[in-house]
Amino acid sequence: MSSQHIHSYVAAAAIGARRIVQFGASDALVALATAAANASIGVTTDIDAASAERVDVIHAGFAEVVAGAVFTRGALLTADANGAAIAAAPSAGTNARFVGFALASAIAAGDIVPIYVAPGSIQG
């Protein structure tokens, strides 16, 4: 039994491994998620994709993601400007999309951290 739900798309632009993504301009495309307001849909696998190449996206289940900053296990995670994971911390009255939650703490930006992918949204 698989612990992941993976779907293949076409990269709208170059997308690195273990990055948070959002839908692109058409049904077949995905693009790097670059802000908490982006509708994050999952995390890329451990293979980089150039523009117009196929890229696999983990929509649900266990995955690894590149950390964009320090965060603690259990934190809800959203995308920074590079598609890396940061703690979702919307200000009062502001909505933020998250891609899942951290299964371990990130000690520094660039760490590869296990997460559970379960996209959703929160309001500060």
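Predicted model: local features only at pLDDT ≥ 70, side-chain atom pairs only at ≥ 80, totals over all residues.
User: Why is T78 called buried?
Analyst: The relative accessibility of T78 is 2%, and because buried means under 20% relative accessible area, T78 counts as buried. T78 is found in strand 6, which covers residues 76-79.

User: What makes the approach of T78 to R97 a polar contact?
Analyst: A polar atom of the T78 side chain lies 2.7 Å from the backbone oxygen of R97, and a polar contact is a pair of N or O atoms within 3.5 Å, one able to donate a hydrogen and the other to accept it.

User: Where do R18 and A52 lie, and what is said of phi in each?
Analyst: R18 lies in the loop between strand 1 (4-11) and strand 2 (20-23), and has a positive phi of about 60° although R18 is not a glycine. A52 is placed in the loop between strand 4 (40-44) and strand 5 (54-66), where phi is near 75°, again a positive value in a residue other than glycine.

User: How many helices and strands does the chain have, and why is the chain called as compact as a globular protein of its length?
Analyst: The secondary structure comes to 0 helices and 9 strands. The radius of gyration of the chain is 13 Å, which is close to the 14 Å that the globule rule gives for 124 residues, so the chain is as compact as a globular protein of that length. The C-alpha trace spans about 35 × 30 × 30 Å along its principal axes.

User: What share of the residues counts as buried, and what share of the contacts joins residues at least 24 apart?
Analyst: Of the 124 residues, 38% count as buried, and among contacts between residues at least 6 apart in sequence, 59% join residues at least 24 apart. The chain exposes about 6,000 Å², with carbon and sulfur atoms supplying 56% of that area.

How values were computed: Residues numbered from 1 in each chain as written. Heavy atoms only, no water. Helix = DSSP H or I, 4+ residues; strand = E, 2+ residues; numbered from the N terminus. Buried < 20%, exposed > 50% of the residue type's maximum accessible area, 1.4 Å probe, protein only. Rg over C-alpha atoms; globule rule 2.2 N^0.38 Å. Contact = heavy atoms within 4.5 Å. Areas by Shrake-Rupley, 256 points an atom, 1.4 Å probe, with all protein chains shown as cover.
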